[in-house]
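Subject: Handover of a structure

Dear colleague,

Please find below the structure that I am passing on to you.

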Amino acid sequence: MNDEIYDLKKLKLLMIAIGAGLVVGSIGVIFEMLIDLADDLWKHHTFIIYLLPIFGMLIIFITKKLKENNIDGPNQLIYALNNNHNIKPIQGILIFIATTLSHLGGASVGKEGAALVLGSSVSNFFTKLIKLNAREQETLIFCGMSACFSGLFGTPLTAAIFCLEILVVGNIYLKNLLPTLISALIAAKIRTLIIGSPITFNLDPNIDKFSIIILLALIFLAIIITIFSNVFIKTLHLTKKIFEHHFPNPYLRIIIGALIFILITAILKDKIYYSGGINIIQASFKGSSNAYSFLLKIILTSIVLGAGFKGGEIVPTLAIGAGIGMTFSGIFNLPSSLFIACAMIAYFVALTKCPIASLALAIELFNIHYLHYFMKIIVITFIISGRHSLYSHQLNKFHQ
């Protein structure tokens, strides 16, 4: 009898995982298609960039109209889940709209924040419709987050682990790992069928064997990454405080931020700094990006997020890491593709404090043949980067 009850519970969790993968994963894929469409529009019609202040005003108007002023992406989600609060469906809808509008205007923002909040809010909606106990509700929310993230990026292993690891540094909710992985795999398959395979990067096959020089270079790179991860965190916080202090009116704040962004990018005359940053990553691997591109990406991302645009920091984070890696490898005459990849993963772990998800990301973005390099840079960076994180509400059980 007990075995039958146990089997039924497991079957129910499996059905929750499959359902979340199909439903929320499909929503994540639709979201990715809209983001791609928004990015394509400004790429082919550059005048749309100059409409960014109007898109910003629309974000504020919709937010106020729906009386939801707090849509703070992953940070808001982390706080809610760590304090047993729910993300309301309206919050998911708002960040969906706000992120799409931000991308339509070419704002330097990511999209993972919206994916996590959207996935959580949709899952929370279904917890009200389906009779579930507390354990099953928790599983559904994690599965929804994982499915939406995977549907957006096509990285199921990273999606499953990141959602379980982001809440508390040094802790991972392993009991939900299998369901979230099932949801993520289903969502990734849907993405592949509708959109195609996600972007991956090939590293130089002629990289020298591991040596003491490479190890010392990785340690030095981890130190550089730690410095600039702190620069990014402080710049984000400082920019937001400056905007809020000098422009208390949210409409004026987002207009000023948009105008500053437009002015800087117009002076630079380079589309590489618009949107999340995939162009910077690709240019870094080709060696055609500017040596200071990562600094400009830090500044521009801080401006638009501080002004009130929505999206996320992860894609810009990877772009900044790629820029640092390209400059670092060029200065010290090191294998460029390897150190760009290592810098991207190191910057991710320095800012998110998610080492296992960082390793998963390295596997899914790059060749698993270089896994030992990624493991070393992740461990070194995670240890020396300390408590500083993008997410102020993240609990930290490791760096105490």
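Predicted model: local features only at pLDDT ≥ 70, side-chain atom pairs only at ≥ 80, totals over all residues.

The chain contains 16 helices and two strands. Its radius of gyration is 21 Å, close to the 21 Å that the globule rule gives for 400 residues, so the chain is as compact as a globular protein of that length. Along the principal axes, the C-alpha trace spans about 70 × 55 × 45 Å.

Of the 400 residues, 56% count as buried. The chain exposes about 17,200 Å², and carbon and sulfur atoms supply 66% of that area. Among contacts with a separation of 6 or more, 78% are made by residues 24 or more positions apart.

Helix H13 covers residues 314-332. From its first C-alpha to its last it reaches 27 Å, close to the 27 Å expected at 1.5 Å a residue. H13 is mostly covered, with 16 of its 19 residues buried. Just after H13, Asn333 adopts a positive phi of about 55 degrees.

Ser337 belongs to helix H14, which comprises residues 336-352. Ser337 has a relative accessible area of 8% and is therefore buried, the cut-off being under 20%. Beyond its neighbours within four places in sequence, Ser337 is in contact with Leu203, Asp204, Ile207 and Phe285.

Yours sincerely

Conventions:
Residues numbered from 1 in each chain as written. Heavy atoms only, no water. Helix = DSSP H or I, 4+ residues; strand = E, 2+ residues; numbered from the N terminus. Buried < 20%, exposed > 50% of the residue type's maximum accessible area, 1.4 Å probe, protein only. Contact = heavy atoms within 4.5 Å. Expected span 1.5 Å × (residues − 1). Rg over C-alpha atoms; globule rule 2.2 N^0.38 Å. Areas by Shrake-Rupley, 256 points an atom, 1.4 Å probe, with all protein chains shown as cover.
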